[in-house]
Amino acid sequence: MKAIYSLGTALMALPLCACTQSADEKQEAPRYNIVFIMTDDHTAQMLSAYDTRYAQTPNLDRIAQDGVKFNHSFVANSLSGPSRACMVTGKHSHKNGYTDNESGKPFDGSQPTFPKYLQGAGYETAIFGKWHLISEPTGFDTWRIVPGQGDYYNPTIINQDGSREIIDGYLTNIITDMSLDWLENREDKTRPFALLIHHKAQHRNWMPDTCNLALYEDMTFPLPENFFDDYEGREAAKTAEMRIDNPDHMDIIYDLKMLRPGETSRLKANYDAFIGRMNAEQRAAWDAFYNPIIEEYYSSNLQGKELAEWRFQRYIRDYLKTLKSLDDNVGRVLDYLEEKNLLENTLVVYTSDQGFYMGEHGWFDKRFMYEESFNTPLLMHLPKGLEARGEINEMVQNIDYAPTFLEIAGVEIPDDIQGKSILPLLRGGDEKVQWRDALYYHFYEYPAEHAVKRHYGVRTERYKLIHFYNDIDVWELYDLQEDPSEMNNLYGQPGTEEITQQLRTRLKELQEEYDDPIRHKFPIE
Ligand code: SGN
Ligand code: CA
């Protein structure tokens, strides 16, 4: 009989599920290792397994080569801390209590999380990199994290004993070094492990490593078709503050690095703090690269659309240069796992805390339930025994990772976990898996930076219904098949009554199922 583990290492002799395996087969069921790589603000448009217009990410693409690529992978709340809280708990924000980054209320680390359940099942657990939940990590045998958002250059690292140290170098390399070091030096290598490698990259302000500064300068990237969006019919989009062409939103110094003597801007102090961390050698390489661009920028006096396009190109290039380090470092992890023959019994998961706008609707940043930021990349290398390959089109969400990891570890999935284990989709075979038909989303951080109004909504395979609330009361309806860029808000248009009512009913059901208290404030008929 397959062992089931619950929190506190209690071993129960109950069957996990009514499956068709024999008792002997169950006993042999492997307890796969888990390597869970997560990045920050890395969007599918910038990952060549999904989209080849901008990026080449051969190492990230490798993950899906012996595994799967999810085409419809989403988050529950498109913001870092909340997304991480959903991911470790398997629950929506209103249940795990961490609804936004800015209110300053720490994540309640005493609640059950997948690392704790895995520990209880005998796994050795570790996290390195960005945690971003204010309270210290719980459920990990080993952790080393960056404070808050972390720094790209010569970063401060918080050690498990509370001490802080500055480590020389570039953060994406350092997080990988710490992770590989842990893998190499684990004392008891017979224990299964769960390793979380959580990068700061690709977070704003996209500071590349000095060795990658010169890349992509001879390339010009295509503007998304809706770059010059006028937001007609979409009130909340109109007031959002995340336009690439607006210097109050995307900062000429902090974001675009155009610092010359005497020049100032709203976020110059942040930039000063970041480049102030560099050593003389790093700073010299940085200045040698950016100075000629700075000079050209100020002397060319670009205006209007030309200036907007220039800002877009600089944004994309810096993002790609930063991504190069990430892809290389993911390659290092895969090489290590391969070299140590760990790939056969390790599930490697790659995702981001949310997607991001790369000029769609004229934007950077995330937060909205529109596709680019609601979506998040999800690639998996599958260990022996999980035979699915290629593309998976079922709609999955970041609350699904926790139950998936639990099922893999032979832990019974507690009833209060709201996500669904993805494992049935990974097993392969011809049998059609019964899956969900709709996803629920809720974003809370407003008023706040980027001014994206609070909203919740439902997405089905074809449609999306969103309600923006708080200081606004606006509904939006999109037909994703006819209008994948979500430019045409159909809400209230003749002929949409029936689909609107169906979606409202589904939204109401989801709010009841997930027990979101917002439904008492805005009851849906
Ligand atoms: C910072 C950034 C924002 C970003 C949030 C949340 N500003 O506040 O642009 O939206 O983080 O990002 S910055 O001036 O500090 O760069 S998240 O991914 O951590 O949720
Ligand atoms: Ca993020």
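Select strand β4 (residues 67–70) and strand β12 (residues 378–381): they pair in the antiparallel sense over three bridges. Strands, like helices, are DSSP runs numbered from the N terminus (E, at least two residues, for strands; H or I, at least four, for helices). Two strands pair if DSSP finds at least two bridges between them.

This is a predicted model, in which local features need pLDDT of at least 70 and side-chain atom pairs count only at pLDDT 80 or more, while totals for chains, interfaces and linings use all residues. Residues are numbered from 1 along each chain as its sequence is written, chains are lettered from A and ligands numbered from 1 in the order in which they are written, and side-chain values use heavy atoms, with hydrogens and water left out.

**Around β4**

Stay on β4 and pick out single residues. Lys69 has Leu379 as its bridge partner in β12, and Val68 has Met380 in that strand. Val68 also stands opposite Gly390 in β13. Strand β13 (residues 390–392) runs parallel to β4, and three bridges join the two.

Now widen the selection to the open sheet of ten strands, ordered β9-β8-β7-β6-β10-β3-β11-β12-β4-β13, with mixed pairing. Its edge strands are β9 (164–166) and β13, each of which pairs on one side only. From one strand to the next, the twist averages 15°. Such angles are taken between N-to-C directions and run from 0 to 180 degrees, with axes as lines fitted to C-alpha atoms, for helices over the stretch in contact.

Select β15 to β18 next. This is an open sheet of four strands in the order β15-β16-β17-β18, with antiparallel pairing. β15 (438–443) and β18 (474–479) stand at the edges with a single partner strand each, so one side of each has no neighbour in the sheet. Direction ignored, neighbouring strands are turned by 10° against each other on average.

Within this sheet, β17 (residues 463–469) and β18 pair in the antiparallel sense over six bridges.

**The ligand**

Centre the view on ligand 1. Which residues are closest to ligand 1? Of the 19 residues that surround the ligand, the closest are Ser80, Tyr254, Asp365, Glu449 and His450. A residue is near a molecule if one of its heavy atoms lies within 4 Å of it. The shell divides into two nonpolar, eight polar and nine charged residues. In this division Ala, Val, Leu, Ile, Met, Phe, Trp, Tyr, Cys and Pro count as nonpolar, Asp, Glu, Lys and Arg as charged, and the others, Gly among them, as polar.

Show the side chains of Tyr254, Gln149 and Asp40. An oxygen atom of ligand 1 is 2.5 Å from an N or O atom in the side chain of Tyr254. For Gln149 the corresponding distance is 2.8 Å, and for Asp40 it is 3.2 Å. Taken alone, ligand 1 exposes 460 Å², of which the protein buries 88%. Accessible areas come from the Shrake-Rupley method with a 1.4 Å probe.

**Backbone stops**

Most residues other than glycine have a negative phi, and most peptide bonds are trans. Go to the peptide bond from Ala201 to Gln202, which is cis with omega near 10°. Gln202 lies in the loop between β10 and α7 (235–239). Another cis peptide bond joins Tyr446 and Pro447, with omega about 0°, and Pro447 lies in the loop between β15 and β16. Finish at Asn301, where phi is near 50°, a positive value in a residue other than glycine. Asn301 is in the loop between α9 (280–300) and α10 (304–339).

Note on methods: A polar contact is a pair of N or O atoms within 3.5 Å; within protein, one must be able to donate a hydrogen and the other to accept it, and residues adjacent in sequence count only if both atoms are side-chain atoms.
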